[in-house]
Amino acid sequence: MKPTVLVLTALEDSTADRVIEALNERGANVVRADPGDVGVTLGFGFRLGGGDSAWSGRLRTASREVDVETVSAVYWRRPTPYAARFDRLPRQAREFAVAEARHGLGGVLQGLRGALHVNHPAAVARADFKPAQLQRFVALGLRVPATLITNEVEQARRFAAEHGRVIYKSFRGLPEGEDGCAGAIWAQRIEADALDDSVSVTAHLFQAEIPKSGDVRVTVVGRRVFAQRIATPDGALDWRRGDWDRLVHTPVIVPEPVRTALYAYLASFGLVFGCFDFALTGEGTAPEDWWAIECNPNGQWGWLPDAPAIAAALADILSKEEAGDRDDGE
């Protein structure tokens, strides 16, 4: 049977649409499913035993079926959380159903033998903690801003006094509120005298502000590198907070030592793909001008000018047609 690329994501995902289109152009057999649809619109039956050492059986959506033994690659985009499927159940029943779906259906899909996962959920989970990211950046020879993680106001004040210009960043975005809408907390400058005992409530991340000349988003897919310098019309501290339609993108060359470190970073976490954010100082041409900020192991890239090339690179890997050590956007 022809190998299958399984794309796991929510119904409305234009980023996944790009990759599926590129896979179709390559003649790949593609099945799209959302594990969060478990129930009437998503059925499955998997068997193990009787001499078989790997799971067999079928995953059925409203329009397609796939034999899991034929799955050669899985593109884990952004499936709907299982909790959304069971949100009308009483709390105990909801939590039980979510756990059973995650460990049963999710357990089989994460353990498909011989399948390439871009990226495997376990690898994403390991790489999703910013303290681990920053530590790995330093170990690989990349520069990072002086950083303090604390819930003690006196430490925060001393750090701010020591470095002068200090930035606060949240570790995660805001969860959904009562209105069902999520949110974000942008990077913001903090003055020492503005810090009070509310710091003790939870963990806070403070970093010395880098006198940056620009920002760069670097998307790495296998051995292919796509880098865009990002500028805001108003010179905002955090380019994410403004109108994305007004951002100015310019292709930029990633210095060889930085590119090598990014390959090593992904390999160390077992990742195939990652979206890296850098702050630049000076001309941005030397490795020491590049300051590593973070890596999103399941980052967004559909809004970038080189999105078609990124989709093609992902399709190459998922269809086992990667073009080797190539750098694009440089």
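Biologist: Which residue takes a positive phi in the hairpin of E12 and E13?

Modeller: Most residues other than glycine have a negative phi, and most peptide bonds are trans. In this predicted model, local features need pLDDT of at least 70 and side-chain atom pairs count only at pLDDT 80 or more, while totals for chains, interfaces and linings use all residues. Residues are numbered from 1 along each chain as its sequence is written, and side-chain values use heavy atoms, with hydrogens and water left out. In the hairpin of E12 and E13, where two residues lie between the strands, glycine 222 has a positive phi near 65°.

Biologist: How many bridges join strand E12 to E13?

Modeller: Strands (E, at least two residues) and helices (H or I, at least four) are DSSP runs numbered from the N terminus, and two strands pair if DSSP finds at least two bridges between them. Strand E12 (residues 214–221) is joined to E13 by seven bridges, and the two run antiparallel; within this pairing, aspartate 215 stands opposite isoleucine 230 in E13. Four bridges join E13 to strand E14 (residues 248–251), again in an antiparallel arrangement, and there alanine 231 has valine 248 of E14 as its bridge partner.

Biologist: Why is strand E13 described as largely enclosed by the rest of the structure?

Modeller: A residue is buried under 20% relative accessible area, exposed over 50% and partly exposed in between, using a 1.4 Å probe and protein chains only. Six of the eight residues of strand E13 (residues 224–231) are buried, so the strand is largely enclosed by the rest of the structure. Of the 330 residues of the protein, 47% count as buried.

Biologist: Where is alanine 261, and which residues does it touch?

Modeller: Contact means heavy atoms within 4.5 Å. Alanine 261 lies in helix H7 (residues 256–269) and, at 5% relative accessibility, counts as buried. Not counting residues up to four places away in sequence, alanine 261 touches Leu140 and Leu142.

Biologist: Which peptide bond is cis, with omega near -20°?

Modeller: The bond from valine 118 to asparagine 119 is the cis one, with omega near -20°, and asparagine 119 has its place in the loop between strand E7 (116–118) and helix H4 (121–127).

Biologist: How many helices and strands does the protein have?

Modeller: The protein has eight helices and 17 strands.
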